[in-house]
Amino acid sequence: MALYIKSSDCISAQATFGSYLPEELINTDASFYNCIKPEYKKYISPKLLRRMSPIIRNGVSCSLSALQNAEIDNPDAIIVGTALGCIKDTTSFLTQLIEDNEALPNPTHFIQSTHNTIAGQLALLLKCSNYNFTFSQMHNSFECALLDAQLLLLDNEAKNVLVGGVDELTETSYELIKDLECYKDAKLGEGGAFFVLSSDESEVVFKGVSIINSSQCDFNDELQKYGLSIDDIDLVVAGDKFEDDPSYSDFHKTFAEKPYLWYKPFVGEFGTVSSIALYLGVKAIEDQSIPACWTKNKAKIEACNNVLIYNNVGGEQSLMLLSIN
Amino acid sequence: MSELKENLKKQLIEQLNLEDFEISDIADSDALFGDDGLALDSIDALEIIVLLEKEYGIKLDDPKKGKDIMTSVQTLSDFIESKR
C-alpha cells in the first residue's frame with residue numbers, strides 16, 4: 001500500500017511558513033537561530049495563546065496550517081516527535097522550585113512542562129479524541145513519530161495522520177548544550193515541520209523511513225529495501241552542518257554527482273531538524289525545483305522523481321525516501 | 001489609583017501573560033472571570049492564589065471565599081488590605 005504526503009508546513013529561522021520555500025536566506029550574526037514567528041492569532045485564539053510557550057505556539061500553528069492545506073478538520077491520529085519537549089516551561093518550573101525552596105511553583109509552567117503538551121493541545125483545540133502519541137528519542141524523535149504514523153496507516157488503523165517534529169531553543173538550553181559540548185561546531189536552532197500523511201492518493205509518495213542502528217550505513221542496501229538504487233535518486237537532502245562535515249564524508253562520496261540540498265547552516269541544529277529536511281524534499285517534488293540558495297553543489301535539478309533525505313548526528317542516522325506519484 | 005491596585009494589575013498582566021492588556025485597560029471593577037472583563041479561567045484562579053501567597057504572604061484558607069475575593073481588582077485589593 002502506498003502512502004502519501006498530502007500537505008506540509010514548516011516553521012524555522014527562514015521564511016518557510018505558509019507551505020513556502022524562500023528564494024533568499026536570512027543570515028544572522030547571532031550565535032544561534034530563532035524561528036521567524038508566524039501570525040499565531042490566525043490559528044490560535046488570544047485567550048489560549050497567552051498561556052502557550054514558543055514550542056506549543058509553533059507546533060500548533062504549523063499543524064493547523066498543514067491540516068488546513070489538506071482540508072482535514074479531524075485527523076485519525078496526532079503524532080508528535082520532540083527531542084527536548086517544552087523545555088522553556090520545564091526550566092521555569094524547575095527554577096521556581098529551586099529558588100522558592102520547593103514551595104509555590106507556578107501551575108501553568110508545571111501543567112505545560114511535559115513533552116506531550118503539543119499533541120495534547122492539538123487534541124483539545126481540534127476536539128480530537130483519536131490516537132495521540134508523542135515520541136522523544138533525541139535525534140530520531142521525528143523519525144520515530146513518522147514510523148508510528150506509517151505503521152498506523154499500513155495497518156489500516158488510520159487514513160489521515162497528522163505527524164511532525166518540533167523543538168525550541170531557550171537561553172538556558174543553549175548554555176547547557178554548549179557546556180556539555182553536545183553539538184560541536186554547529187550553530188543551534190529551533191523549529192519544526194508537520195505533515196498530513198495519508199493513504200489517500202496525492203502528488204508526493206512517502207516511501208518510508210529507516211533508523212540506522214549502526215555506526216555505518218550501506219546506502220545501496222538501504223535503497224534496495226525500497227526497490228531503488230543510487231542511480232534512481234534525483235536529489236539528496238543532507239544534514240551537513242558545514243562544508244566538509246566529516247560525518248557526511250561517505251554520503252558525500254556516494255552522492256557527489258547528485259543535486260545536493262542542505263539546510264542546517266540556515267536553520268541550525270536541533271533534535272527534530274530532520275522534519276525540515278523532509279519538508280524540503282516534499283517541496284522539491286511538488287515544485288519540481290528548489291531555490292538555488294538551498295543547494296550545496298551546482299548540480300542542476302532536472303527532474304525530481306526520487307528524493308533521499310539523510311541525517312547523521314553523532315552516529316544517530318536516519319534515511320527517508322520520497323517519490324513523485 | 002492606589003499603589004496596591006496598580007501593582008496588582010501589573011502583576012496580573014505579568015503572571016497571567018495578558019499580552020493584549022495595559023494597566024490602563026483594566027478598571028478596578030472589571031470582572032476577572034466570566035465572559036466579560038478579563039475572562040480568566042480556573043488555571044488563572046490558581047495563578048492568583050499563588051500570586052497572593054508569593055507576593056503578599058496571604059494564604060487563602062477558605063476556598064469558598066475565593067469567588068468573592070477574586071471578583072475584581074477592587075475586591076482583591078480590599079482582601080489584601082484587610083489582611084495587613
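Into which domains is chain A divided? In this predicted model, chain A consists of domain 1, spanning 3–198, and domain 2, spanning 206–324. A distance of 22 Å separates the C-alpha centres of domain 1 of chain A and domain 2 of chain A. To their contact, domain 1 of chain A contributes 49 residues and domain 2 of chain A contributes 34 residues.

Putting the two domains of chain A together buries about 3300 Å², and carbon and sulfur atoms account for 67% of that area. On the side of domain 1 of chain A, the residues that lose the most area to domain 2 of chain A are A:Leu21, A:His139 and A:Glu143, which together make up 20% of what that side buries. As for polar interactions, there are zero salt bridges between domain 1 of chain A and domain 2 of chain A, whereas 16 residue pairs are in polar contact. Several secondary-structure elements of chain A each supply at least two residues of the domain 1 side, namely strand E1 (3–11), helix H6 (141–154), strand E4 (160–167) and strand E5 (191–198). Sorted by class, that side of domain 1 of chain A holds 24 nonpolar, 16 polar and nine charged residues.

A:Ser63 sits in helix H2 of chain A, residues 54–70. With a relative accessible area of 0%, A:Ser63 falls under the 20% limit and therefore counts as buried. Leaving aside residues up to four places away in sequence, A:Ser63 touches A:Leu122, A:Leu162 and A:Phe194.

Attention now turns to the interface between the chains. Here the contact draws 16 residues from chain B and 14 residues from chain A. Chain B and chain A bury about 1300 Å² between them, with 45% of this on carbon and sulfur atoms. Three residues, B:Ile43, B:Glu47 and B:Lys54, supply 33% of the area that chain B buries against chain A, more than any other three residues.

Six salt bridges are found across the interface of chain B and chain A. The side chains of B:Lys54 and A:Asp100, for instance, form a salt bridge with an N to O distance of 3.2 Å. Across this interface of chain B and chain A, eleven residue pairs are in polar contact. Helix H2 of chain B (residues 42–56) gives the most to the side of chain B that touches chain A, with seven residues. By class, the residues on that side of chain B comprise seven nonpolar, two polar and seven charged.

How values were computed:
Residues are numbered from 1 along each chain as its sequence is written. Chains are lettered from A and ligands numbered from 1 in the order in which they are written. This is a predicted model: local features need pLDDT of at least 70, side-chain atom pairs count only at pLDDT 80 or more; totals for chains, interfaces and linings use all residues. Side-chain values use heavy atoms; hydrogens and water are left out. Domain bounds come from an automatic or database domain assignment. Contact means heavy atoms within 4.5 Å. Buried area is the accessible area (1.4 Å probe) that two parts lose on being put together, summed over both. A salt bridge is a side-chain nitrogen of Lys or Arg within 4 Å of a carboxyl oxygen of Asp or Glu. A polar contact is a pair of N or O atoms within 3.5 Å; within protein, one must be able to donate a hydrogen and the other to accept it, and residues adjacent in sequence count only if both atoms are side-chain atoms. Helices (H or I, at least four residues) and strands (E, at least two) are DSSP runs, numbered from the N terminus. Ala, Val, Leu, Ile, Met, Phe, Trp, Tyr, Cys and Pro count as nonpolar, Asp, Glu, Lys and Arg as charged, and the others, Gly among them, as polar. Buried means under 20% relative accessible area, exposed over 50%, partly exposed in between (1.4 Å probe, protein chains only).
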